[in-house]
Amino acid sequence: MAKNDKKDGAASPVNLSDLADFQFGPSWARAGESKKPDFAGFRAPREHGPRPPRRGGDGERRPFNPSADRRGPRPVRDRDGRGPRRDDRGPRTPRELPQPVEGFRVELRPANGILEIFASEIQKQKRALPLLDLARIVVANRERYDLVFMKLENGPQLIHSTKGDGACWLTEQEAVAYLWKAPWFAELYTVKQVETEAPKGTFTAIASINGEVIGPVNWHGYQAAMMHIYRTRYSGMPLDVYRNKITLDKSEEAVAAWLEGATHKSVWVPAREGAQELELADAQAVEADFREHHYAEVYEVTDKVFVNAATDRRRLSPGIAAHVSIQSSRISAAPQRLIPNLCHGLARHGMPIFKWHESHFTGPSRIKTIPEGTVLADRMTAIVNWSKENSGKKADAMFAELSGVPTGTDDESRKAAHDAYAPYVADMIWLLEQGYIVVTSDNAVWFPKGDAAPKPTPVPGKRKPRKQPGNKPHPDKKEKAEPAEGSRQAQAQG
């Protein structure tokens, strides 16, 4: 990947068993064959019938009386059903969602890890799979595809983390503010508690947000403490919304608890060599030290970035996170949009792409016609002839018919069938690698030239293409008939 080595999407293992049982042989010999489900642990459903009447303690049915509801009268609710509004909060305002930033060309591509898995499994199992089915596997998990941001002329800069956490920002201010939430913060700075003199003054109210204490509003360090909590906890929230969420506690107990805790404060010590004696007293000092000594080490400015779709949105600039959300929603609704980039990705991993019956497939080889004059071994000839006459039937039936050994039920007959099928499996693998026959995900054998291959399952909700008004003649007009071959010769002689 250009410039940015990133998580390749292989964090979660991909199971291809939902597409195929990737093994040849009879159904009883395939390891992926599922057993019958055991329903012993399920409770039998209750038979439907008339519901028994409500009865009181004396066994008599009692009519429903709304006035006897012990819960009391229901509160009057407002139009949106959320209950009576508090006067001090005012009307609810809709939250503004971030807008995708302009100045980039954004492409959606399968992650390198999932492409490696596809290539390995298909070459190992010799199956031909529709690209649409593979695209559905990719979009089923956001770890399996990336968004590639390519800067256009006059577009904003891309600031990408080199620490492998996938963070990407548009401004230096965003990149520095992420320092407090970054998983690599402990690699650069350590926190140390030191004793200090308690603040002097008369304090009557302690500010806090969601239970986290900030300090008295008339304390000289209030603004710095408030902004530090904002940077480390709520940087994704608008500052005015953050301020409105702050509450005050005027109790004497809250003031006393804050004064007791104020006799200790946190300082930050750089972990780099030669700076262990340096103590940074506040957040501004830490950020200034980071800019000077570590910013160029942690971030790189680039014109192209791979952002995995599963990256935590708190590690992305809001304008970039909006792109990820929008593109992920679109590709989930229309997986076929991923097919062009899926073709390019599989081709980079040496996988052939071919069109078969109006659909794109990948497999161990492109489909080919057996060259005229090719002499095949007896078993290979039998496999080719069988696939011509029975194109679309299962491999189990072919092995049983060609070997003359049916599938048995006891261990002895199963071993006999396995030994009889083995030479045909080896010859069929060679034919698959040459592209002379095809085995699809449902274990069906096809003769690819002149058969009627199944088409992939259509995407739900996808509209069929509208028929274009072509050169269809008007019903009132008759097409001029072509002259017969004899008439052409007569006209030529005349």
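Student: How many cavities of 30 Å³ or more does a search of the whole structure find?

Tutor: The model is a predicted one. Rolling a probe the size of a water molecule over the atoms shows where empty space is left. With a threshold of 30 Å³ or more, the search of the whole structure finds one cavity.

Student: Which residues lie closest to the centre of the largest cavity, and how is its lining divided by class?

Tutor: The space in the largest cavity is about 50 Å³. Its lining consists of 13 residues, and those closest to the centre are A128, P364, S365, I437 and V438. By class, the lining has eight nonpolar, three polar and two charged residues.

Student: Turning to the open spaces, which element gives the largest share of the lining of the second largest pocket?

Tutor: The second largest pocket has a volume of about 1000 Å³. It is lined by 31 residues, with W219, A225, H264, K265 and S266 nearest its centre. Elements giving two or more residues to this lining include β6 (189-195), β10 (264-270) and α8 (283-293). The largest share, six residues, comes from α5.

Student: How many nonpolar, polar and charged residues are in the lining of that second largest pocket?

Tutor: Tyr and Trp are counted as nonpolar here, and Gly as polar. On that basis, the lining of the second largest pocket divides into 16 nonpolar, ten polar and five charged residues.

Student: At what angle do the axes of helices α13 and α14 cross, and is the crossing left-handed or right-handed?

Tutor: Two packed helices are described by the angle between their axes and the distance between the axes. The axes of α13 (residues 395-403) and α14 (residues 411-434) come within 10 Å and cross at roughly 120 degrees. The crossing of α13 past α14 is right-handed.

Student: Which residues make this contact, and how do they divide by class?

Tutor: From α13 the contact draws on M398, F399, A400, L402 and S403, and from α14 on A420, Y421, Y424, V425 and M428. These residues of the α13 and α14 contact divide into nine nonpolar, one polar and no charged.

Key
Residues are numbered from 1 along each chain as its sequence is written. This is a predicted model: local features need pLDDT of at least 70, side-chain atom pairs count only at pLDDT 80 or more; totals for chains, interfaces and linings use all residues. Side-chain values use heavy atoms; hydrogens and water are left out. On a 1 Å grid over the protein atoms alone, a cavity is a set of points where a 1.4 Å probe fits but cannot get out, and a pocket is an open set with protein on both sides within 12 Å along at least five of seven lines; lining residues have an atom within 4 Å of a point. Grid points are joined across faces, edges and corners, and a volume is the space filled by probe spheres set on the points. Axes are lines fitted to C-alpha atoms, for helices over the stretch in contact, and angles run from 0 to 180 degrees between N-to-C directions. Helices (H or I, at least four residues) and strands (E, at least two) are DSSP runs, numbered from the N terminus. A crossing is left-handed if the near helix is turned anticlockwise from the far one by less than a right angle, and right-handed if clockwise. Contact means heavy atoms within 4.5 Å.
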